[in-house]
Amino acid sequence: ATGSGSLLSSTDAVAAQIITIGDPPATVLSLGVVATGTDSFKIDSMVEVEIVSGAVINAVEYTITYQLLLDGTPIATITREDNSAQSIAIARTIIEIPNMTWVDTPGAGAHTYSIAIAVNGTNITDAQVNIRALNVIQFT
């Protein structure tokens, strides 16, 4: 991108949002931007994911899918897996904080960047997202 400056846009949320275990990725935060010409965007994002296991003797395993979307279409995906097969006979709360930095040039017009989260696993009872943030620096 060429031009004389940059613009910071950001959003965050702290209210818990339930994630249904086994469902496709659910949008947990979105931010609208407007691009002119060949603007580049540096996107920084994070989500605190809380997973609760059952009080089971069997192994607790999980996968968190973290997607960055542009206008509803994934442009980047990361996964965080715990396949350590730990067997603990008490319920526990597990906190993961996946994050991502990405650079994108979406083309001229209005666009929406979003974060989507999915949780799958064995012997987990609940999942939710807590604190989450999405920061976009637009370079013109």
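Predicted model: local features only at pLDDT ≥ 70, side-chain atom pairs only at ≥ 80, totals over all residues.
View A. As a bit of background, nonpolar side chains in soluble globular proteins tend to be buried together.

**View B. Ile117 and what it touches.** Skip residues up to four places away in sequence, and Ile117 still has quite a list of partners. Among them are Ile19, Pro24, Pro25, Ala26 and Val28. Val47 and Val49 are on the list as well, and so is Val129. The list also includes Ile64, Thr65 and Tyr66, and Thr65 has its place in strand β5.

**View C. Strand β5 next to strand β9.** Here β5 (residues 59–70) pairs with β9 (residues 109–122) in the antiparallel sense, over ten bridges. One spot to look for is Leu70, which stands opposite Tyr113 in β9. Strand β5 is mostly covered, with nine of its twelve residues buried. In general, side chains in a regular strand alternate between the two faces of the sheet.

**View D. Thr65, a buried residue in β5.** Buried or exposed: which is Thr65? Its relative accessible area is 17%, so Thr65 counts as buried, the cut-off being under 20%. Leaving aside neighbours within four places in sequence, Thr65 is in contact with Thr77, Ile78 and Thr79, and also with Ala116, Ile117 and Ala118.

**View E. Asp71 and Asn123, two non-glycine residues with positive phi.** Asp71 lies in the loop between β5 and β6 (73–87), with a phi of about 55°. Asn123 sits in the loop between β9 and β10 (124–139), and its phi is about 60°. How covered are they? Asp71 counts as partly exposed at 42% relative accessibility, and Asn123 is partly exposed too, with a relative accessible area of 26%.

**View F. Asp39, a buried loop residue with polar partners.** Asp39 is found in the loop between β3 and β4. With a relative accessible area of 4%, Asp39 is buried, because that value is under the 20% cut-off. Which side chain makes a polar contact of 2.6 Å with that of Asp39? That would be Gln138. A polar atom of the Asp39 side chain also lies 3.0 Å from the backbone nitrogen of Thr36. Further along the chain, Pro106 is 67 residues away from Asp39, yet their C-alpha atoms are separated by 7.8 Å.

**View G. Ala89, an exposed loop residue.** Look for Ala89 in the loop between β6 and β7 (93–96). Ala89 is exposed because its relative accessibility, 56%, is over 50%. The C-alpha atom of Ala89 is separated by 7.9 Å from that of Asn58, although the two residues are 31 residues apart along the chain.

Methods:
Residues numbered from 1 in each chain as written. Heavy atoms only, no water. Helix = DSSP H or I, 4+ residues; strand = E, 2+ residues; numbered from the N terminus. Buried < 20%, exposed > 50% of the residue type's maximum accessible area, 1.4 Å probe, protein only. Contact = heavy atoms within 4.5 Å. Pairing = 2+ DSSP bridges. Polar contact = N/O pair within 3.5 Å; in protein donor to acceptor, adjacent residues only side chain to side chain.
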